[in-house]
Amino acid sequence: MAQHLKQLSLLFICVIFLTLPVYASEEKASHGATVGQKAAHQVSKKKHSHHFVSHWAQTLSDEQKYDVDQLHLKLERELVVLKAQEVLKEKELNVLTASGTAKQAKIYANIDGLMEVKKLIMRSRHDHLVEMRDILTPEQRISYDMSILGRSGVK
């Protein structure tokens with residue numbers, strides 16, 4: 001019995017020592033990539049980070065920064081009210097739907113009211129994008145337009 005225990009221990013130690021170099025050579029970086037793969041990815045990412053001119057926000061003049069801040073403030077003032085109306089309309093619709101006595105026509109009317117508020121939110125956001133574009137130089141618009149085209153959905 002003691003002989004089997006010694007052999008098993010020796011086998012276990014050999015397996016550990018044989019597999020240890022494999023683990024040491026493949027240090028894992030984030031997301032399962034090895035250190036070498038991560039470094040290669042970072043180099044390629046920096047090299048191909050943007051195919052066009054500098055990002056529009058990094059090239060703003062002081063006057064443009066002020067104008068952008070003013071436009072953002074204007075948009076936020078509009079959206080605070082519209083978003084509150086949207087939340088209220090959604091809650092009213094939920095209460096109506098759960099009441100048990102609601103008729104389909106009334107539910108549809110509430111949905112139409114909710115969609116009207118959502119339409120106003122989208123219009124405000126897209127008006128803002130156009131206003132932002134108007135204060136940029138032609139060079140800055142290239143980067144700005146590319147960021148707009150790359151968006152999916154509305155925040």
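Why does glutamate 116 count as partly exposed? Glutamate 116 counts as partly exposed because its relative accessibility is 39%, where partly exposed lies between buried (under 20% relative accessible area) and exposed (over 50%), with a 1.4 Å probe and protein chains only.

The model is predicted, so local features need pLDDT of at least 70 and side-chain atom pairs count only at pLDDT 80 or more, while totals for chains, interfaces and linings use all residues. Residues are numbered from 1 along each chain as its sequence is written, and side-chain values use heavy atoms, with hydrogens and water left out.

**View 1. Salt bridge of lysine 119 and glutamate 116.** Lysine 119 pairs with glutamate 116 in a salt bridge, the closest N and O atoms being 3.3 Å apart; the term denotes a side-chain nitrogen of Lys or Arg within 4 Å of a carboxyl oxygen of Asp or Glu. Both residues belong to helix α4, three residues apart, about one turn of the helix. Helices (H or I, at least four residues) and strands (E, at least two) are DSSP runs, numbered from the N terminus. Lysine 119 is partly exposed, with a relative accessible area of 34%.

**View 2. Salt bridge of lysine 118 and glutamate 86.** The closest N and O atoms of lysine 118 and glutamate 86 are 3.5 Å apart in this salt bridge. The pair links distant parts of the chain, with lysine 118 in helix α4 and glutamate 86 in helix α3, 32 residues apart. Glutamate 86 counts as buried because its relative accessibility is 17%, whereas lysine 118, at 28%, counts as partly exposed. A network of salt bridges links Glu86, Glu90 and Lys118.

**View 3. Aromatic pair of tryptophan 56 and tyrosine 144.** One aromatic pair is found in a search of the whole structure. Tryptophan 56 and tyrosine 144 form this edge-to-face pair, at 5.0 Å centre to centre and 85° between the planes. Rings of Phe, Tyr and Trp (its six-membered ring) pair if their centres lie within 6.5 Å; planes under 30 degrees apart count as stacked, over 60 as edge-to-face and the rest as tilted. Both tryptophan 56 and tyrosine 144 are buried.

**View 4. The largest nonpolar core.** This core has eight residues, including Trp56, Leu71, Met132 and Tyr144. A nonpolar core is a set of buried Ala, Val, Leu, Ile, Met, Phe, Trp, Tyr and Cys residues joined through side-chain atoms within 4.5 Å. The elements giving two or more residues to this core are α3 (62-98) and α4 (104-134).
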